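Student: I would like to go through this model with you. Where do we begin?
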Amino acid sequence: MDKHFIRNVLLKALALFIIFNLVWMTVDLNFVGSLSAYGRLWRGRERLPYGENSSESYNLSLYNLTAMLESHAVDADKPKDEFRVFVIGDSSTWGTLLRPEDTLAGQLNALGLTTADGRKVRFYNLGYPTLSLTKDLMILHAAISEDYAPDLILWPVTLESFPRDRQLDSPITANNLPRIRELQKDYGLNLDVPADTRTTLQKAFDRTIIGERRELADLARLQMYGILWSATGIDQVYPSEYTPAARDLEPDITFNGWQGPALDESMLSMDVLAAGVKAAGKVPVVIINEPILVSSGKNSDVRYNFYYPRWAYDGYREIMSTEAARQGWTYIDLWNLVGEECFTNSAIHLDKAGVAIELQQVLGAVEGYLK
């Protein structure tokens with residue numbers, strides 16, 4: 001074959017590759033994430049995508065918040081007869097080991113509530129596993145910014161989400177640092193967010209097809225698994241056996257490396273919680289100190305559970321109560337509402353019966369906004 005012909009073909013292919021990448025660099029990956037078949041060709045998910053065992057759960061973890069929200073059952077085109085409630089938070093909200101209908105949002109939806117003016121109340125589960133208030137704020141801010149228009153926000157929280165030095169430990173926050181920097185700037189958050197030290201060349205490469213190949217593959221997989229989710233309603237693995245949360249505990253008094261005897265409020269991200277309320281604007285926010293496992297086993301006089309020594313958790317509850325009163329927040333404390341028999345594989349993960357107990361107290365707070 002003519003060497004000149006081969007050379008010309010390779011040069012043209014290289015030129016087309018370079019041109020295509022230059023054009024691609026002008027495309028916002030969030031725009032690509034917004035191109036979704038969910039809610040169009042197959043039904044939207046009842047909770048945000050999360051998971052690693054994709055072959056069994058028809059789910060995956062990714063970091064494009066726009067794509068995550070587009071895959072959800074929540075629709076930016078809000079029906080006029082809908083009163084929309086977001087339920088944000090950690091894995092207890094998302095529903096580890098629970099089917100979508102058994103989560104707090106799912107059980108609230110099953111009640112078929114309506115407002116005094118006849119609107120249907122719809123609860124949307126926007127919880128996401130991992131413990132970080134900044135992660136919750138980021139998801140809430142993204143949903144509001146993209147015009148999903150909630151009428152009420154329920155925000156279950158727990159102490160493990162508050163330590164300031166762990167706010168960026170969640171992979172979804174670590175992989176969305178530009179969003180975090182914007183939140184830090186807009187709300188004056190006291191977070192140690194790493195600076196973007198990439199060179200101009202590195203930034204340019206990261207915007208190419210090669211640089212974004214992982215993100216693009218995840219977006220494609222999310223769409224593919226949507227077919228299987230829609231057909232089966234399965235979005236996580238439900239093992240027949242699991243290791244239950246510890247009831248017999250170590251005699252360890254430390255929390256997050258702190259030994260007490262008092263909890264230092266400055267080490268907690270109360271400002272992130274305040275930013276969430278501010279981000280909601282005129283939309284009311286109900287902050288819920290979610291139930292925890294209160295052990296009656298070995299060393300339960302030292303620790304409530306695997307997560308919390310008594311001194312730290314008691315101090316946290318006092319701080320939360322004081323700050324809620326000072327800020328004028330709507331706050332309910334359900335910490336010891338549910339017996340230890342209703343917790344599954346974690347000191348914050350409830351079973352279906354435990355959620356039903358929690359629901360009764362949450363319902364009392366919600367009903368006041370439906371009149």
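Tutor: Two strands pair if DSSP finds at least two bridges between them. Helices (H or I, at least four residues) and strands (E, at least two) are DSSP runs, numbered from the N terminus. This is a predicted model: local features need pLDDT of at least 70, side-chain atom pairs count only at pLDDT 80 or more, and totals for chains, interfaces and linings use all residues. Residues are numbered from 1 along each chain as its sequence is written, and side-chain values use heavy atoms, with hydrogens and water left out.

Student: Which residue in β4 stands opposite proline 156?
Tutor: Strand β3 covers residues 152-157 and β4 covers residues 285-289. They run parallel, joined by 5 bridges. Opposite proline 156 stands isoleucine 288.

Student: In what order do the 5 strands form the open sheet?
Tutor: The pairing is parallel. The edge strands, β2 (120-125) and β5 (330-333), each pair on one side only. The order is β2-β1-β3-β4-β5.

Student: Are the rings of tyrosine 50 and tryptophan 94 stacked or edge-to-face?
Tutor: Rings of Phe, Tyr and Trp (its six-membered ring) pair if their centres lie within 6.5 Å; planes under 30 degrees apart count as stacked, over 60 as edge-to-face, the rest as tilted. Here the centres are 5.8 Å apart and the planes at 75°, so the pair is edge-to-face.

Student: Is tryptophan 94 buried or exposed?
Tutor: Buried means under 20% relative accessible area, exposed over 50%, partly exposed in between (1.4 Å probe, protein chains only). Tyrosine 50, at 30%, counts as partly exposed. Tryptophan 94 has 2% relative accessibility, so it counts as buried.
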